[in-house]
Amino acid sequence: NGPVRRIGRIGQALEFDGGDDFVDIGAGPTTVNTVSFWVYPRTTTEFFVNITGTTDYISSSAGTISATGFSSPTIYVNGAVSSALLANQWQHVVVTTATAENASNLDIGRTQDADNMEGLIDDVRVYNRALTQDEIKRLYNMGR
């Protein structure tokens with residue numbers, strides 16, 4: 001089993017059922033300063049991208065996105081600095097940091113407990129530099 005392909009914001013997305021669906025990429029890039037993705041969460045408390053096991057990940061709780069384990073992250077939603085997330089609509093989320101992360105255990109839609117992602121994720125990207133706000137706005141406008 002696993003996530004199912006659906007029509008996404010840009011091309012095809014993966015739909016996660018909130019149970020056992022996730023994508024285990026394994027070791028990813030050793031230098032990650034930006035993580036970008038489109039998300040259609042079913043609730044305002046979700047888990048999106050895991051960078052390094054249980055310590056560095058992007059999630060939301062009660063409508064607030066956090067980047068746990070990232071050093072001084074800046075969070076953007078729909079091209080603007082914000083951490084507010086709504087359920088049942090597409091949103092573009094970007095997390096940047098000046099201090100590089102090592103994506104030693106890169107997973108999409110997975111947490112280390114039983115509370116995996118429920119919703120859709122599309123166009124997940126990682127960059128080895130912190131994108132500028134103009135670059136982030138361009139990515140957002142590509143999917144509008």
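Is Ala 13 buried or exposed? Keep that question in mind as you select Ala 13 in this predicted model, where you will find the residue in strand S2, which covers residues 12–17. Ala 13 is buried, because its relative accessible area is 1%, and buried here means under 20%.

Next, show what surrounds Ala 13. Setting aside the neighbours within four places in sequence, Ala 13 is in contact with Val 4, Arg 5, Arg 6, Ile 7, Gly 8, Trp 90, Leu 120, Ile 121 and Asp 122.

Now move to the open sheet of 5 strands, and follow its order, S3-S11-S5-S6-S7, with antiparallel pairing. At the edges are strand S3 (23–26) and strand S7 (64–68), each of which pairs on one side only, and neighbouring strands of the sheet are turned by 15° against each other on average, direction ignored. Zoom in on S3 and strand S11 (residues 106–108), which pair in the antiparallel sense over 3 bridges; there, Val 23 has Ile 108 in S11 as its bridge partner.

Finally, select helix H1 (residues 133–142), whose buried residues are Glu 135, Ile 136, Leu 139 and Tyr 140. Looking down the axis of H1, you will see these buried residues fall within an arc of 140°, so they line one face of the helix. Turn to the other side of H1, where Asp 134 and Arg 138 are exposed. To see what covers the buried residues of H1, display strands including S4 (32–41), S8 (74–77), S10 (91–101) and S12 (118–127).

Definitions and conventions
Residues are numbered from 1 along each chain as its sequence is written. This is a predicted model: local features need pLDDT of at least 70, side-chain atom pairs count only at pLDDT 80 or more; totals for chains, interfaces and linings use all residues. Side-chain values use heavy atoms; hydrogens and water are left out. Two strands pair if DSSP finds at least two bridges between them. Helices (H or I, at least four residues) and strands (E, at least two) are DSSP runs, numbered from the N terminus. Axes are lines fitted to C-alpha atoms, for helices over the stretch in contact, and angles run from 0 to 180 degrees between N-to-C directions. Buried means under 20% relative accessible area, exposed over 50%, partly exposed in between (1.4 Å probe, protein chains only). Contact means heavy atoms within 4.5 Å. The arc is that of the directions from the helix axis to the C-beta atoms.
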